[in-house]
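Please consult the sequence and the structure shown here.

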Amino acid sequence: MKKHNFSAGPCVLPQDVFKEASQAVLDFNNSGLSILEISHRSKDFVDVMDEARNLALELLGLEGKGYKALFLQGGASTQFLMVAHNILQNKAGYINTGTWSDKSIKEAKLFGEVVEVASSKNANYNYIPKGYSIPEGLDYLHITSNNTIFGTQVKDFPTTDCPLICDMSSDIFSRELDFSKFDLIYAGAQKNMGPAGATLVIVREDLLGKVTRVIPSMLDYQTHISKGSMFNTPPVFSVYVSMLTLRWLKNLGGIKAIEEINTRKATLLYSEIELNPLFNGFAAKEDRSSMNATFSLADGDLKETFDAMWKEAGINGLNGHRSVGGYRASMYNALSMDSVGVLVDVMSELERKA
Ligand SMILES: *Cc1c(COP(=O)(O)O)cnc(C)c1O
């Protein structure tokens, strides 16, 4: 039986995408060849790469606005250093809202001065800092839109004259934003877009070419732009499945349509967390993430019973990250309302039993 998969990443993808991808593993486009054995230079795959890059820009409303979309390797973690390597000349600002921001700061420090403009570390990252002032003269400001581990999400992005760079790994394509506010966006595929192995980078071309340091070819965005994201062998299967997921999203009605569904799912779960006295939410209410809900049991003695109940109900991936504890329900685009309903039923059943 198919599980209700609340895993934080890699995570649930649309069932139709799994079907189409498994067919392509056996025979891609009736070519008599598997997607896994064709050349990445073949027309069939070049078409996949082009469609994936175009769909990403189209869904974000960034077509024809000076942006390029790339599918790179090394995960979002490699973007922590590539961003700084390519763009940090003197000084950059970082908003520290969680483990991933913290790691991006560590990498940026290898390339220049880093100003931690705001941080919620003192409260174990359970909120998003607001009302901070942004210093002058930054090469860029870096922010993490959704904090996968702590379950907080930025609702209002800072307004600034300096370039804005965003790690959107865990909420890209989940909600409508003015994406043209950002000069560079990156996201590991495995949180909301596809299987692990590819990282989407969307960059304004005029942001590049300003640092004086020498950048090795593989780490230079301009290399990948000039080669259409085909400088070396791309992660073929991950790009292919990401393309299928983006097609699925477009057919569904794009980000506007999925945002409505995501909002309904999050509202259902957060209402239960609020109303059910057995559970406590972790994140500050106004900053709660619509993608990753973090919560814990008010009474730890109920853990064994609750864990047995959700497993029995076919739920997977609910354990919280070790730095928060408790539970984390990740509700990415492909998770159905049904699955959230099953979780909420288990939570209210626990209340009746306890
Ligand atoms: C998972 C995650 C990362 C790390 O991604 P990798 O692809 O494993 O390097 C970075 N940032 C955010 C917000 C994440 O959720």
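A polar backbone atom of Ala76 lies 3.0 Å from an oxygen atom of the ligand, a polar contact being a pair of N or O atoms within 3.5 Å. The model is predicted: local features need pLDDT of at least 70, side-chain atom pairs count only at pLDDT 80 or more, and totals for chains, interfaces and linings use all residues. Residues are numbered from 1 along each chain as its sequence is written, and side-chain values use heavy atoms, with hydrogens and water left out.

**Ligand site**

- The side chain of Ser77 places a polar atom 2.6 Å from an oxygen atom of the ligand.
- In the side chain of Asp167, an N or O atom is 2.6 Å from a nitrogen atom of the ligand.
- Of the 380 Å² of accessible area that the ligand has on its own, the protein covers 88% (Shrake-Rupley method, 1.4 Å probe).
- Around the ligand are 13 residues (a heavy atom within 4 Å), of which Ser77, Thr148, Asp167, Gln190 and Lys191 come nearest.
- Helix H3 (residues 75-87) supplies the largest share of this shell, four residues (helices are DSSP runs of H or I, at least four residues).

**Largest pocket**

- The volume of the largest pocket is about 220 Å³ (an open set of points on a 1 Å grid over the protein atoms alone, with protein on both sides within 12 Å along at least five of seven lines; a 1.4 Å probe is used, and lining residues have an atom within 4 Å of a point; the volume is the space filled by probe spheres set on the points).
- Among its 14 lining residues, Gln153, Lys155, Thr263, Ala266 and Ser290 are the closest to the centre of the largest pocket.
- The largest pocket lies between domain 1 (15-252) and domain 2 (254-353), because both give residues to its lining; the bounds come from an automatic or database domain assignment.

Note on methods
Polar contact = N/O pair within 3.5 Å; in protein donor to acceptor, adjacent residues only side chain to side chain. Helix = DSSP H or I, 4+ residues; strand = E, 2+ residues; numbered from the N terminus.
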